[in-house]
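Here are some notes for a first look at this model. Keep the structure open beside them as you read.

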Amino acid sequence: MPPLEREADRLRNLINDADAIIVGIGSGMSSAAGFNHYNHAGMTRAGMADWQRVFGFKSLFDGFYHLYPSFEQQWAYYARYIDFMLREPASRPYLDLRSLVGQKDYFILSTNVDTQVEKTFPAERICSYQGSFAHLQCKQPCCDELFDAGPYVERMLASMAGFEVRSEDVPRCPHCGWQLAPWVRDDTFLQGAAWRESLGRYERFVRERGNGRVLLLELGVGEMTPGIITLPFWSMTAKLPDAHLLSVNISGGSAPLQLGSKAEAIQADLRTLLAAARAGGE
């Protein structure tokens, strides 16, 4: 049996045998879906080659974290970037994952902010730990409120000239008048009611399913924020009586030796692996 087929069978069998599945999704999953936020290919995919040419940005996140001379220019970039993510439909790797786990008892913990998880899975089964570009928050923040980014982006794009939006179109908090900001993790990130509720759902899921056969499925998780998915997944695998950890990443890696037979790793492209696993179950 070819290696890809064997790995796809292994993934599918682990999913089918589990009573509950906890999925940790990192940036590698969105990269497999074509959302390359960390390299120049993403600029082209997002239709932002003009920003790359004029400003020399090497990636979408390069432009997002750039220190702009004005709010008008900053929000011109934000509006184009956010519009790209809002318009993109749920992509094939995410849809394949939904097909594989959709009939099981599962929960998704994600560090991605590009809205793909929200477009694919029901809200009651996800925790977007780092936030989402689909929402804005007061930058202070003065209030516990999230605002739909869509209407703000549409208004900015409708009257944008070159690389600036109109001053009157810069998103402002309706309560205090201060600038709004994308609801993604930074030093002012709003860990308000919506965030706490989603985290509470995740923690409750882990607590209530702990005695069954639990599959911890780590997909495309890198090393930037190990405290969110990787280390907690290792801890749960060690503590839960019938837990098993499967880590899938294109860059390889190996399962922690201290977990013994309770953990394993697959080096594979997620787009290809998930498609093969879904096709094999049809």
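1. A definition to begin with: two strands count as paired if DSSP finds at least two bridges between them. The model is predicted. By that rule, six strands form an open sheet, in the order β3-β2-β1-β7-β8-β9. The pairing is parallel. The edge strands are β3 (126–128) and β9 (263–267), and each pairs on one side only. From one strand to the next, the twist averages 15°.

2. Strand β1 covers residues 20–25 and strand β2 covers residues 106–110. They pair in the parallel sense over five bridges. Gly24 has its bridge partner in β2: Leu109.

3. Which strands does helix α7 touch? Helix α7 (residues 92–101) packs on the sheet and touches β1, β2 and β7 (214–219). The direction of α7 makes about 165° with that of β1.

4. Helix α11 packs on the sheet as well. Its contacts are with β1, β2, β7 and β8. The direction of α11 makes about 160° with that of β7.

5. Now look at Thr230, which is found in helix α11 (residues 230–239). Is Thr230 buried or exposed? Its relative accessible area is 10%. Buried means under 20%, so Thr230 is buried. Leaving out residues up to four places away in sequence, Thr230 touches Glu218, Val221 and Gly222.

6. Ser247 lies in strand β8 (residues 243–249). Ser247 counts as buried because its relative accessibility is 16%, and the cut-off is under 20%. Not counting residues up to four places away in sequence, Ser247 touches Glu218, Glu264, Ala265 and Ile266.

7. Check the length of helix α1 (residues 3–17). It has 15 residues. At 1.5 Å a residue, they should span 21 Å.

8. Which residues of α1 are buried? They are Ala8, Leu11, Arg12, Leu14 and Ile15. These residues cover an arc of only 160° around the axis, so they sit on the same side of α1. What do they pack against? The partners are β1, α7, β7, β8, β9 and α12 (270–280).

Key: Residues numbered from 1 in each chain as written. Predicted model: local features only at pLDDT ≥ 70, side-chain atom pairs only at ≥ 80, totals over all residues. Heavy atoms only, no water. Helix = DSSP H or I, 4+ residues; strand = E, 2+ residues; numbered from the N terminus. Buried < 20%, exposed > 50% of the residue type's maximum accessible area, 1.4 Å probe, protein only. Contact = heavy atoms within 4.5 Å. Axes fitted to C-alpha atoms, helices over the stretch in contact; angles between N-to-C directions. Expected span 1.5 Å × (residues − 1). Arc of directions from axis to C-beta.
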